[in-house]
2 protein chains.
Amino acid sequence: MDMISALTAFSALSQQTRLEAFRLLVTTGDAGMSAGEIAEALEVRQNTLSANLSVLLQSGLVRNQREGRVIRYFADTDGMRGLLGFLLEDCCGGQPELCQPLIEDLTCGEGPCA
Amino acid sequence: MDMISALTAFSALSQQTRLEAFRLLVTTGDAGMSAGEIAEALEVRQNTLSANLSVLLQSGLVRNQREGRVIRYFADTDGMRGLLGFLLEDCCGGQPELCQPLIEDLTCGEGPCA
DNA sequence: TAATCATATCCATAATTCATGAATTATGGA
DNA sequence: TCCATAATTCATGAATTATGGATATGATTA
């Protein structure tokens, strides 16, 4: 992931409706959620959400797929991985002794994630 | 980390000068860098950088410390960990089978980070 | 074909963000 | 105390972004 993509992704996540939508999509995983369901869950107007989903799409953090009349959205795992990698890249390159314990904290295994 | 803090952090990272400054501070680790050195490295005016550093400070991603006339800035590992945890939290809670491989990719061990 | 449902797009307005120059504060040395 | 240096704060205007109403598109059903 390059700097521009990272900026776009961070910018996409720096707005409440979008961050909430993204988290929602992360929790629903492969099932995803239709635009309408997301709008209802977050209590935002349809057109406002649509605009925000389009920002998330462009950031690569979210994918979508038309299913008949409905358009279903999904968190994009690759996009998320790219962003996490970008954040940790310098850390790993420059300061692995700082970085490794930071990563080890992030395992899902035991207890809450972080 | 709560939603507001995460929004603040993402917003802080969604601007080029700030993202570059943050990455710079990550690579310098415990050594940190003075405001002037950062401004010089990034070729931005002192007051512009100062405003941007203050945004990073408030986001918790960066700390600072006065040393005589100089103010030295450092990446805040705890802040970074909090943000990563926030991103992965839902993933771990809701979709550990998606999340774990994503995390495993992030080890510093072999090759580039991501 | 007409009606309807789910989304997206267009447009205007409101709100936010950003870089800049000028002024200010804090520190250390002569 | 005076001066120079390091950095911050403040006010401003330009640019960007968010929002909501209206409308358009695209897919299904009757």
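Student: Is Arg23(A) buried or exposed?
Tutor: Arg23(A) counts as buried, because its relative accessibility is 16% and the cut-off for buried is under 20%. Keep in mind that this is a predicted model.

Student: Okay, where is Arg23(A) found?
Tutor: Arg23(A) is in helix α2 of chain A, which covers residues 16-28.

Student: And which residues does Arg23(A) touch?
Tutor: Leaving out residues up to four places away in sequence, Arg23(A) touches Met3(B), Phe86(B), Glu89(B) and Asp90(B).

Student: Which of those forms a salt bridge with Arg23(A)?
Tutor: Glu89(B) does. The closest N and O atoms of the pair are 3.5 Å apart.

Student: Why can side chains pair up like that?
Tutor: Side chains of opposite charge can pair when their charged atoms come close.

Student: How many salt bridges cross the interface of chain A and chain B?
Tutor: The rule finds two there. Over all chains, the structure holds eight.

Student: New topic. What does Asp78(A) form a salt bridge with?
Tutor: With Arg81(A), the closest N and O atoms being 2.8 Å apart. Both residues lie in helix α5 of chain A (residues 77-94), three residues apart, about one turn of the helix. Asp78(A) is exposed, because its relative accessible area is 52% and exposed means over 50%.

Student: And in chain B, what does Arg81(B) meet in a salt bridge?
Tutor: Asp78(B), at 2.8 Å, N to O. Both are in helix α5 of chain B, three residues apart. Asp78(B) counts as exposed, at 54% relative accessibility.

Student: Which residue pairs with Asp76(B)?
Tutor: Arg63(B), in a salt bridge with the closest N and O atoms 3.9 Å apart. This pair links distant parts of the chain, 13 residues apart. Asp76(B) is in the loop between β3 (70-75) and α5 (77-94) of chain B, and Arg63(B) is in strand β2 (residues 62-67).

Student: Are those two buried or exposed?
Tutor: Asp76(B) is buried, at 16%. Arg63(B) counts as partly exposed, at 38% relative accessibility.

Terms used. Residues numbered from 1 in each chain as written. Chains lettered and ligands numbered in written order. Predicted model: local features only at pLDDT ≥ 70, side-chain atom pairs only at ≥ 80, totals over all residues. Heavy atoms only, no water. Helix = DSSP H or I, 4+ residues; strand = E, 2+ residues; numbered from the N terminus. Buried < 20%, exposed > 50% of the residue type's maximum accessible area, 1.4 Å probe, protein only. Contact = heavy atoms within 4.5 Å. Salt bridge = Lys/Arg side-chain N within 4 Å of Asp/Glu carboxyl O.
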